[in-house]
Amino acid sequence: MARAVWGSRLGFILAAAGSAVGLGAIWKFPYVAAQNGGGAFLLLFLVMVFTLGISIMIAEMTVGQISQKSPVGAYRYFGGKPWSLVGYIGVACGFLILSFYSVVGGWTIFYMVQSVDGSILIPDTLLLKQIFDAFITNPVEPLGYHAAFMAVTAGVVLVGVQKGIERVSKSLMLMLFLLILVLIVRSLTLPGASEGVMYFLTPDFSKVNAKMMLEAMGLAFFSLSLGMGCMMTYGSYVSNETNIANSAASVVGLTTAVCVLAGLMILPAVFAFKLSPAEGPGLTFIIMPAVFSHLGGGQFFAILFFFLLFVAALTSSVSLMEVVTSFFIDEFNMPRIGVSIIMAILMFVVGIAASLSLGAWKEYTLFGSNIFHLLDYVTSHLMMPFGGIMITVLVGWKASRPVAARLALADGTNPWWWPAMKQFCRYIAPLLILLVLFQNL
Ligand code: PHE
């Protein structure tokens, strides 16, 4: 069968942005930034995004585009058999991320339902916190939502690249962007909000430490979908003539904008409602209902918000599943339908453990972390940075000629930034990632 291709360049950019913009930007970024001191973290995050993030985005997409393969095949194409191992690790990483991602995806459905019956539209953040905690620690209820989220994800992947993924991504991204802008205005005009703005935008450098650097780097990988072959897979569906570098820059810019806007939407409200910035994974789910309760037509906006958050999560989960699915299609010639269903069931099972580890299985920990946090930590703090080292080494050394040739496609001359990017990929990027990792050992 001929390899699938995107319908248009815009379709590709929106699908890649759909993969990147998701729970990472709107759920994870605000609580991690809040936990890590606000402004200084934001600055570190931006540095990571505009050095490592942009280079790795271009590198992954180009490698996918040239090889026309998903990660295992793409690494093998350029580096021979030993390199394919990096691709396998990427596939495993996608599997592990989706297992817990789908649990949080389920939370967005639960909050959509709660917005419809209006029960969460209350200003009392203490009560909202109790509702959130009671829900996620419940041994049964979140599993149903987790199952539903996984089923929808598999459903989209089943339908295939262009019809399924591209269509969903295209239609709803813009709406999400606009809604966030509206919500920022409400959040910023709450009494006491300015303290949150200060916290988020003024860097306090005395707070910078090794752990914070790792958090910023891990979050940059996670929220840009890098280091595990996802953008490589999406790049492999791009036709040969498409200019990848511009697309990559658009995706990075758009995603970073959503991260910063999500911070501006949530952190001022956190201070206005006197919630602790160290709240953790519940932050978005606790604070946004309180914001809606202070907004005219709050229920309508609440339903819309959680619906769009669900869609943003879905366009990301679909890309995670696509990495796993395309691996089995490319390597073993297996049928798309069968693979997506079997993988969805397996990831659902691992996700059950992640969900239970927040309540009933709280006691089972490793290095002091429960299963949920362990899956999160291992993927974005170890596996994705590892993938980042390998892709920059590949593009800086082994594949630098074909990559340069592809990037020069339009007029035959290398883009002005390529020499800098090449040196960055050869030396600085791998060393920077290693340094951040080792500082934390
Ligand atoms: N970037 C996605 C998000 O922020 C998560 C993701 C990671 C998707 C890795 C694909 C690959 O929600």
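Reader: Leaving aside neighbours within four places in sequence, which residues is isoleucine 26 in contact with?

Author: This is a predicted model, so what follows describes a prediction. Once the neighbours within four places in sequence are set aside, the contacts of isoleucine 26 are Leu176, Ile180, Val258, Ala262, Met265, Ile266, Thr284, Phe305 and Leu309.

Reader: What distance separates the C-alpha atoms of valine 260 and phenylalanine 29?

Author: Valine 260 is found in helix α12, which covers residues 244–272. Leaving aside neighbours within four places in sequence, valine 260 is in contact with Leu42, Leu46 and Phe200, and also with Phe29. Although valine 260 and phenylalanine 29 are 231 residues apart along the chain, their C-alpha atoms are separated by 8.5 Å.

Reader: Which helices hold glutamate 331 and arginine 76?

Author: Glutamate 331 and arginine 76 form a salt bridge, in which the closest N and O atoms are 2.8 Å apart. The pair links distant parts of the chain, 255 residues apart, with glutamate 331 in helix α14 and arginine 76 in helix α4.

Reader: Is glutamate 279 buried or exposed?

Author: Glutamate 279 forms a salt bridge with lysine 129, and their closest N and O atoms are 3.0 Å apart. Lysine 129 lies in helix α6 and glutamate 279 in the loop between α12 and α13, so the pair ties together parts that are 150 residues apart in sequence. Lysine 129 is partly exposed, with a relative accessible area of 28%. Because buried means under 20% relative accessible area, glutamate 279, with a value of 18%, counts as buried.

Reader: Why are glutamate 215 and lysine 211 separated by about one helical turn?

Author: The side chains of glutamate 215 and lysine 211 meet in a salt bridge, with an N to O distance of 3.9 Å. Glutamate 215 is buried, with a relative accessible area of 14%, whereas lysine 211 is partly exposed at 47% relative accessibility. They are separated by about one helical turn because they are four residues apart in helix α10.

Terms used: Residues numbered from 1 in each chain as written. Predicted model: local features only at pLDDT ≥ 70, side-chain atom pairs only at ≥ 80, totals over all residues. Heavy atoms only, no water. Helix = DSSP H or I, 4+ residues; strand = E, 2+ residues; numbered from the N terminus. Contact = heavy atoms within 4.5 Å. Salt bridge = Lys/Arg side-chain N within 4 Å of Asp/Glu carboxyl O. Buried < 20%, exposed > 50% of the residue type's maximum accessible area, 1.4 Å probe, protein only.
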